[in-house]
Amino acid sequence: RGEYIALVCDAPLPKALDAESIAFDIGVGTGVLSIILAMRDIKKIVATDQDDRSLTCAKENIALLNLGSQIEIVKADLFPPGKASLIVCNPPWVPARPSSTLEHAVYDSESQMLKGFLAGLKNHLLPEGEAWVILSDLAEHLELRSRQELLSWIEEAGLVVLGRIDTKPKHPKSGDEADLLYFARAA
């Protein structure tokens with residue numbers, strides 16, 4: 001889905017990057033968010049994942065674009081050591097059990113990854129740093145997780161929401177009224 005990529009391209013960067021130009025990309029996947037951050041002139045990006053195939057894919061994509069001097073790939077369960085001015089994460093959207101390795105990108109059993117990310121943020125953000133959680137609200141429309149539940153996890157982690165940027169889906173299924181999940185995808 002390209003919608004979330006555009007959000008990361010256009011969102012105002014935190015001022016903390018002026019003092020310390022370092023970002024973390026938690027759950028790197030293909031590396032697309034790290035690549036965007038590098039192209040937005042962030043000097044150092046540390047990208048993590050625990051899936052070997054994701055790490056290989058991200059390394060290959062980053063090498064193809066000659067961004068290896070800016071982006072470091074680290075195998076980790078969530079955070080690398082240290083702190084960053086910006087931490088981005090596009091966690092799995094749906095709080096359900098994955099049945100294959102590939103499905104870990106979409107399904108997060110009991111929202112464990114999302115909860116772990118939120119709980120660890122304060123320990124990894126530099127003063128005045130920001131975290132960007134790039135998260136579809138599909139689970140909310142399917143009544144698998146409520147907005148209030150998400151906000152309570154944020155509050156429990158001692159975090160404050162500074163802002164929110166929304167976008168509408170543009171993929172074909174979001175306009176396909178014959179699709180059984182149209183009501184959720186369109187929203």
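This is a predicted model: local features need pLDDT of at least 70, side-chain atom pairs count only at pLDDT 80 or more; totals for chains, interfaces and linings use all residues.
Let me begin with a definition: a residue is called buried under 20% relative accessible area, exposed over 50%, and partly exposed in between, with a 1.4 Å probe and protein chains only.

Residues are numbered from 1 along each chain as its sequence is written, and side-chain values use heavy atoms, with hydrogens and water left out.

Let me take the overall layout to start. The chain holds 8 helices and 5 strands, where helices (H or I, at least four residues) and strands (E, at least two) are DSSP runs numbered from the N terminus. In sequence order the elements follow the pattern α-α-β-α-β-α-β-β-α-β-α-α-α. Of the 187 residues of the chain, 42% count as buried. If we take a contact to mean heavy atoms within 4.5 Å, then among contacts between residues at least 6 apart in sequence, 68% join residues at least 24 apart. The chain exposes about 10600 Å², of which carbon and sulfur atoms supply 53%; these accessible areas come from the Shrake-Rupley method with a 1.4 Å probe, and for residues only the protein chains shown count as cover.

Now to the interior. A nonpolar core, as I use the term, is a set of buried Ala, Val, Leu, Ile, Met, Phe, Trp, Tyr and Cys residues joined through side-chain atoms within 4.5 Å. The largest such core has 24 residues, and Leu 37, Ile 71, Ile 73 and Leu 86 touch the most other members. At least two residues of this core come from each of helix 1 (3-10), helix 3 (32-39), strand 2 (44-49), helix 4 (52-64), strand 3 (71-75) and strand 4 (84-89), and helix 3 gives the most, with 5 residues. Apart from this core lies another, of 23 residues, among them Val 74, Cys 89, Leu 121 and Leu 126.

Which parts of the structure do the buried residues of helix 3 pack against? They pack against helix 1, strand 1, strand 2, helix 4, strand 3 and strand 4. Helix 3 is largely enclosed by the rest of the structure, because 6 of its 8 residues are buried, and these are Leu 33, Ser 34, Ile 35, Ile 36, Leu 37 and Ala 38. Just after helix 3, Asp 41 takes a positive phi of about 75 degrees.

Strand 4 is mostly covered as well, with 6 of its 6 residues buried. Leaving aside residues up to four places away in sequence, Leu 86 touches a set of residues including Leu 13, Phe 24, Leu 37 and Trp 132. As for pairing, two strands pair if DSSP finds at least two bridges between them. Strand 4 pairs in the parallel sense with strand 1 (residues 22-26) over 4 bridges, and in the parallel sense with strand 5 (residues 125-133) over 5 bridges. Cys 89 of strand 4 stands opposite Ile 26, and in strand 5 the bridge partner of Cys 89 is Val 133.

Last come the charged pairs, for which a salt bridge is a side-chain nitrogen of Lys or Arg within 4 Å of a carboxyl oxygen of Asp or Glu. How many salt bridges does this rule give? The count comes to 3. In one of them the side chains of Glu 72 and Lys 44 meet at 3.2 Å, N to O, and this pair links distant parts of the chain, with Glu 72 in strand 3 and Lys 44 in strand 2, 28 residues apart. Another joins Lys 75 and Asp 52 at 2.8 Å, N to O, and here Lys 75 lies in strand 3 and Asp 52 in helix 4, 23 residues apart. Asp 166 forms a salt bridge with Arg 164, with the closest N and O atoms 2.9 Å apart, and Asp 166 is exposed, with a relative accessible area of 54%.
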